[in-house]
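Okay, thanks for coming, everyone. I've got one model to walk through today, so let me put it up on the screen.

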Amino acid sequence: MSQEASPRGTFLKIADVVKAEIDAEHAMAELPSAAELMRAHGVSRGVALRVFGVLEKEGRAERVPGGRWRVIRPGQQRDRRPLAELVAEVIRSDNLNVGDRFPSTSALATRFGVSRPTVAKALDKLEAADLLSASQQGKQRTVLALPGREERP
């Protein structure tokens with residue numbers, strides 16, 4: 001993008017480009033990172049962050065703590081609870097009991113439209129709360145306790 005001063009604002013033009021990408025790619029669940037916007041449009045980090053602010057203000061995207069910005073589609077309901085609460089809710093919504101196998105990190109990432117590292121952080125919180133077993137390579141997590149109850153197997 002040109003380094004000339006823009007009467008409309010460079011960040012607004014980039015926001016329009018990103019909105020067009022969102023509209024064209026229905027499978028797009030996350031926005032490009034700030035670094036990707038900086039590279040693609042030749043702008044500073046501050047300009048890239050202003051793009052995110054425009055999209056958030058217009059209700060087209062929302063910040064995901066520890067992850068990329070999430071795309072919001074028109075009519076899509078937003079659950080603003082922390083991801084750890086949403087993941088804990090899987091125990092109830094999937095009718096899981098103590099000792100049942102918990103969905104994988106990949107399955108949860110797809111289900112909630114976030115990255116696997118973001119889900120891993122939420123799962124760590126549930127481990128610390130003694131709701132899920134610890135992560136072990138090659139072994140799926142299991143439910144240790146039901147949310148809101150103190151019982152363990």
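Let's start with helix α3, residues 45-57: its 13 residues should span 18 Å at 1.5 Å a residue, and the end C-alpha atoms are 18 Å apart, so that agrees. The expected span, by the way, is 1.5 Å times one less than the number of residues. Helices are DSSP runs of H or I with at least four residues, strands are runs of E with at least two, and both are numbered from the N terminus.

Quick housekeeping. This is a predicted model, where local features need pLDDT of at least 70 and side-chain atom pairs count only at pLDDT 80 or more, while totals for chains, interfaces and linings use all residues. Residues are numbered from 1 along each chain as its sequence is written, and side-chain values use heavy atoms, with hydrogens and water left out.

Now over to α6, residues 116-128. It also has 13 residues, reaching 18 Å from first C-alpha to last, close to the 18 Å expected. Here T118, V119, A122, L123 and L126 are buried. They cover an arc of only 135° around the axis, which puts them on the same side of α6. What covers them includes α4 (83-93) and α5 (105-112). On the face turned away from that buried side sit the exposed residues P117 and A128. After α6 comes D130, whose phi is positive, near 60°.

Last stop: R73, in the loop between β2 (70-71) and α4. What's the nearest side chain of opposite charge to R73? D23, at 5.1 Å, so to speak across the way; R73 is buried yet has no salt bridge, meaning a side-chain nitrogen of Lys or Arg within 4 Å of a carboxyl oxygen of Asp or Glu. For charge, Lys and Arg count as positive and Asp and Glu as negative, with His and the chain ends not counted. The backbone oxygen of E25 does lie 2.9 Å from a polar atom of the R73 side chain, and the backbone oxygen of M28 lies 2.8 Å from one.

Methods:
Buried < 20%, exposed > 50% of the residue type's maximum accessible area, 1.4 Å probe, protein only. Arc of directions from axis to C-beta. Contact = heavy atoms within 4.5 Å. Polar contact = N/O pair within 3.5 Å; in protein donor to acceptor, adjacent residues only side chain to side chain.
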